[in-house]
Amino acid sequence: LCGDDLLRPDHLALMTAAAGAHPDISLVTSRRLMIDAGGQVLRDMTPLSFEAQTSVLDGMAVGESVLTSGVNWIGEPTTVMFRADRLPVEDLYALGTRNPARNLDVVWWLKIMAGARVAFVNEPLSMFRTHGGQQSQQPELQLDLVLAWYDIIAGARDLGYLAQPAAEGQALAWLVELINTRVESFGPAAWPRVSAVLAQ
């Protein structure tokens, strides 16, 4: 649990119940909320709509929705429960043939979900706090966080994601758009790294 995030008191009970009801799933996640420094709700962070309280989803489809949108709606480690044997401790950081420098939660979810099923609890069980002092908001990390997505997309292909050219194209298109909108804020010193990613 990140130090500035929150869990609802029944978070673990509902997650465990979902995992117990569906023994074949590898990961359980839930709807989550973004809150500000004072704890006020800013928005629901789940872009999808579900009718059932708990839905069982295809892990490959869930992974592709993250890769083609650039939105980690599965959530931070705060939000997720997974079966320990789906993430070997000797291989925490590699995604296929790549080793993304950042966004390791996305790396883990893609590894865990490949060829598996996922449960989604349709209630906001965790709250992600955003404020200027958090580590991920620091300018020196922003470049790494953005550029790591290229290694995530490339590594995910090794696991069977983005097998259709259209899906791969969609994933790369949003990344190029993100880089282009952020490149000025990174400053001239970052341009060689940015250019190397765009050239790939």
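This is a predicted model: local features need pLDDT of at least 70, side-chain atom pairs count only at pLDDT 80 or more; totals for chains, interfaces and linings use all residues.
Numbering runs from 1 along each chain as its sequence is written, and side-chain values use heavy atoms, with hydrogens and water left out.

**View 1. Threonine 68 in helix H2.** Threonine 68 sits in H2, residues 59–69 (helices are DSSP runs of H or I with at least four residues, and strands are runs of E with at least two, numbered from the N terminus). At 15% relative accessibility, threonine 68 counts as buried (buried is under 20% relative accessible area, exposed over 50%, partly exposed in between, with a 1.4 Å probe and protein chains only). Leaving out residues up to four places away in sequence, threonine 68 touches Leu162, Ala167, Gln170, Ala171 and Trp174 (contact means heavy atoms within 4.5 Å).

**View 2. H2 against H5.** The axes of H2 and H5 (residues 165–186) are 6 Å apart, and the helices pack at about 40 degrees (axes are lines fitted to C-alpha atoms over the stretch in contact, with angles from 0 to 180 degrees between N-to-C directions). That makes H2 oblique to H5 (under 35 degrees is roughly parallel, over 145 roughly antiparallel, 65 to 115 roughly perpendicular, and the rest oblique). On the H2 side, Glu64, Leu67, Thr68 and Ser69 meet Ala167, Gln170, Ala171 and Trp174 of H5.

**View 3. H2 against H3.** Here the axes of H2 and H3 (residues 104–113) come within 8 Å and cross at roughly 150 degrees, so the two helices are roughly antiparallel. Gly59, Met60, Val62, Gly63, Val66 and Leu67 of H2 meet Val106, Leu110 and Met113 of H3.

**View 4. H3 and what follows.** Eight of the ten residues of H3 are buried, so H3 is largely enclosed by the rest of the structure. Just after H3, glycine 115 takes a positive phi of about 70 degrees.

**View 5. Aromatic pairs.** The count comes to six aromatic pairs (rings of Phe, Tyr and Trp, the last by its six-membered ring, pair with centres within 6.5 Å; planes under 30 degrees apart are stacked, over 60 edge-to-face, the rest tilted). Tryptophan 108 and tryptophan 109 have ring centres 6.4 Å apart and planes at 70 degrees, so this pair is edge-to-face. Phe50, Trp73 and Phe120 form one aromatic cluster.
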